[in-house]
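Dear colleague,

I am handing over the structure below, and after it you will find what came out of going through it. Please read the notes with the structure open beside them.

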Amino acid sequence: AAEKYNFNKLYGILPVQMRTVIQARFLLIAVSMLFCELAAFLIGAVSEMLHIYRFEGDFAVGIGSLLTYCVMMFAFMLAALSFVEAAHWIYGQANEMKVMIYTFAGIVAAALLIGLLMHVHILPSFAQLGKLLPESAGGKLALYAVLHLIAAGICAAFCACTVKKVAPREL
């Protein structure tokens, strides 16, 4: 079966273990998300320096808000992509569409729950959330570092669970 599915070869030449391939895929997800975040921040910084944001009217945001949103989206997308990658390896490619539908339904349900909790004032609204962030640059950088570490931990946890679940299938 290993020859049939080419589990013992990487790109047809190198003998590798399945766990190494899985770990490489999760590392690829984490590094590519980090590069996307850095690119978004770089575009935002250039926009700030060239004052391009002044054309946006009421939607103009400063570079601090942009960095906050970049970090929050990085953490969320890294967790979501890690889950989808883990589900792909565990449940197989044949069930991938079902996993994507369940993932999307879960994200929509979580967004609706968060919106409802904000509406009934159990959670602070997004406008109030900006007031809760630290004012100092050092405090913001510490918060961003913690968010990155949490996202990396989630990715590593999904990777470890996937390797543990899929390793017995290797021949």
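Helices here are DSSP runs of H or I with at least four residues, numbered from the N terminus.

This is a predicted model, in which local features need pLDDT of at least 70 and side-chain atom pairs count only at pLDDT 80 or more, while totals for chains, interfaces and linings use all residues. Residues are numbered from 1 along each chain as its sequence is written, and side-chain values use heavy atoms, with hydrogens and water left out.

Two packed helices are described by the angle between their axes and the distance between the axes. The axes of H2 and H6 (lines fitted to C-alpha atoms over the stretch in contact, with angles from 0 to 180 degrees between N-to-C directions) come within 9 Å and cross at roughly 160°. That makes H2 roughly antiparallel to H6, a term that applies to angles over 145 degrees.

Where the two helices meet, contact meaning heavy atoms within 4.5 Å, the residues of H2 include Met-18, Ile-22, Phe-26 and Leu-34, and those of H6 include Phe-158, Thr-162, Val-163 and Val-166. The residues of this contact divide into 10 nonpolar, three polar and two charged, where Ala, Val, Leu, Ile, Met, Phe, Trp, Tyr, Cys and Pro count as nonpolar, Asp, Glu, Lys and Arg as charged, and the others, Gly among them, as polar.

Thr-162, which is placed in helix H6, has 0% relative accessibility and so counts as buried, that is, under 20% relative accessible area with a 1.4 Å probe and protein chains only, exposed being over 50% and partly exposed in between. Apart from its neighbours within four places in sequence, Thr-162 is in contact with Ile-22, Phe-26, Ala-86, Trp-89 and Ile-90.

Glu-85, in helix H3, is also counted as buried, at 8% relative accessibility, and Glu-85 touches Arg-25, Phe-26 and Ile-29 when residues up to four places away in sequence are left out. Lys-98, in helix H4 (residues 96-119), is partly exposed, with a relative accessible area of 43%.

Key:
Parallel < 35°, antiparallel > 145°, perpendicular 65-115°, else oblique.
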